[in-house]
Amino acid sequence: MDFDLPKLMIVDDEETTRLILKNIFKKDYQLIICANGEDALLKAKSERPDLILLDIMMPGIDGYGVAQHLYEDVATKNIPIIFLTALDGVNDEVQGLKIGAVDYVTKPIQPEIVRLRVGNHLMLKRQASQLKRQAEQLALLADLDGLTGIMNRRALDRELQRELNRAARAELPIGLLMIDIDYFKSYNDTYGHLVGDRCLQKVAHCLQNFLPRRTDIIARYGGEEFCCVLFNTDFEGMELIATRLAKAVSDLQIPHAGSGNGEYLSISIGGCSIDPMSLTRPEDIISCADQHLYQAKHSGRAKISL
Ligand code: GH3
Ligand code: MG
Ligand code: MG
Ligand code: MG
């Protein structure tokens, strides 16, 4: 059996119909063939077909009943159903479509029509899932900074609020660091903006790779400023991370003639630690870290103030 072919389930109590349908579809589909509704319900759940061709009049549970059960089950509710039936009354068709079937085809079977309808619905389904994937990819991209590929300010605002809520619920501490590259204007003036851009990328990746935990957040806050959120981290933990981040960046040994030490690029860090019981708003914790960053700058740069 070719496992790349779409899976089509055929449900009909008449053997002749099953045979006709099998001959129409066997070349282009993996077929799951059922002779009654009960078997169809079991196999739909275990085999997850891409589409079901469903007879209505069957002994035991009829096609309407099968469809209803499938739509009520999260495991099968997204499988499109096409009714294929001898019931050609308007009311029957209305009922079938109301239940949620994507199509309603009447017997006697016109092979070409049935083949095309099945093909068209599967194409629509493929297009819909492609659109969904693209939307998910776009949503991911919308959270990233274009230059460095790390989280952007917009996503940070959202995630910080989420982390603060989580910390308050779980009564866990949070640390936030504002990180700013020292004398970066002079870096651009000396080496040019393109080299400046590459430098920002290097620093961003260094900060990101360095953070030990999956729950830690590093974002580009703007220009040459980064923000780091440390979940479940107390003051001492935050101090340790800040010291290590500053060292990691200076260990990059990015030449910077116009820096304070006249040698390598450095960063300044301002931090703010909140305990779980203080209900701090995102803007308060950021402004607290900002004030510390200002102090770090004014005490000579390449410094940490917490
Ligand atoms: P300080 O030590 O006080 O932080 O001084 P500074 O020069 O780093 O700070 P200032 O705020 O005066 O300058 C920030 C510079 O960062 C100015 C701007 O040209 C540069 N910058 C901001 N965004 C980018 C960017 O995307 N690419 C490049 N190449 N430079 C940027
Ligand atoms: Mg029947
Ligand atoms: Mg700055
Ligand atoms: Mg700066």
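## Ground rules

Residues are numbered from 1 along each chain as its sequence is written, while chains are lettered from A and ligands numbered from 1 in the order in which they are written. Because the model is predicted, local features need pLDDT of at least 70 and side-chain atom pairs count only at pLDDT 80 or more, whereas totals for chains, interfaces and linings use all residues.

Helices (H or I, at least four residues) and strands (E, at least two) are DSSP runs, numbered from the N terminus.

Let's start with an open sheet of 5 strands in the order 2-1-3-4-5, with parallel pairing (two strands pair if DSSP finds at least two bridges between them). Strand 2 (30-34) and strand 5 are its edges, each pairing on one side only. From one strand to the next, the twist averages 20°.

Strand 1 and strand 3 are joined in the parallel sense over 4 bridges, and I10 stands opposite L53 in strand 3. Helix 5 packs on this sheet, touching strand 1, strand 3, strand 4 and strand 5, and its direction makes about 170° with that of strand 5. Contact here means that C-beta atoms, placed from the backbone, lie within 7 Å; axes are lines fitted to C-alpha atoms, for helices over the stretch in contact, with angles running from 0 to 180 degrees between N-to-C directions.

UniProt lists D55 for "modified residue: 4-aspartylphosphate" in an unreviewed entry; its positions are given in the numbering used here, feature names are shortened, and annotations may be inferred rather than shown by experiment. You will find D55 in the loop between strand 3 (51-54) and helix 3 (63-72). D55 counts as buried because it has 27 C-beta neighbours inside 10 Å (20 or more other C-beta atoms within 10 Å means buried, 12 or fewer exposed, and in between partly exposed, with C-beta atoms placed from the backbone). Leaving aside residues up to four places away in sequence, D55 touches V11, D12, D13, G63, L84 and T85.

G63 is also among the buried residues of helix 3, along with Y64, V66, A67 and L70. Seen down the helix axis, these buried residues fall within an arc of 160°, so they line one face of helix 3; the arc is that of the directions from the axis to the C-beta atoms. They pack against strand 1 (7-11), helix 2 (37-47), strand 3, strand 4 (81-85) and helix 4 (90-99).

## The mixed sheet

The other open sheet of 5 strands has the order 7-8-6-9-10 and mixed pairing. Its edge strands are strand 7 (217-222) and strand 10 (304-305), each of which pairs on one side only. Strand 6 (residues 174-181) and strand 9 (residues 267-274) pair in the antiparallel sense over 8 bridges. Helix 9 (residues 235-251) packs on the sheet, touching strand 6, strand 8 (225-231), strand 9 and strand 10, with its direction at about 165° to that of strand 9.

## Backbone details

A cis peptide bond joins K107 and P108, with omega about 5°; P108 sits in the loop between strand 5 (103-106) and helix 5 (111-142).

Y183 is not a glycine, yet has a positive phi of about 50°. Y183 belongs to the loop between strand 6 and helix 7 and is partly exposed, with 19 other C-beta atoms within 10 Å. A302, likewise not a glycine, has a positive phi of about 50°. A302 lies in the loop between helix 10 (282-298) and strand 10 and is buried, with 21 other C-beta atoms within 10 Å.

Definitions and conventions: Contact = placed C-beta atoms within 7 Å.
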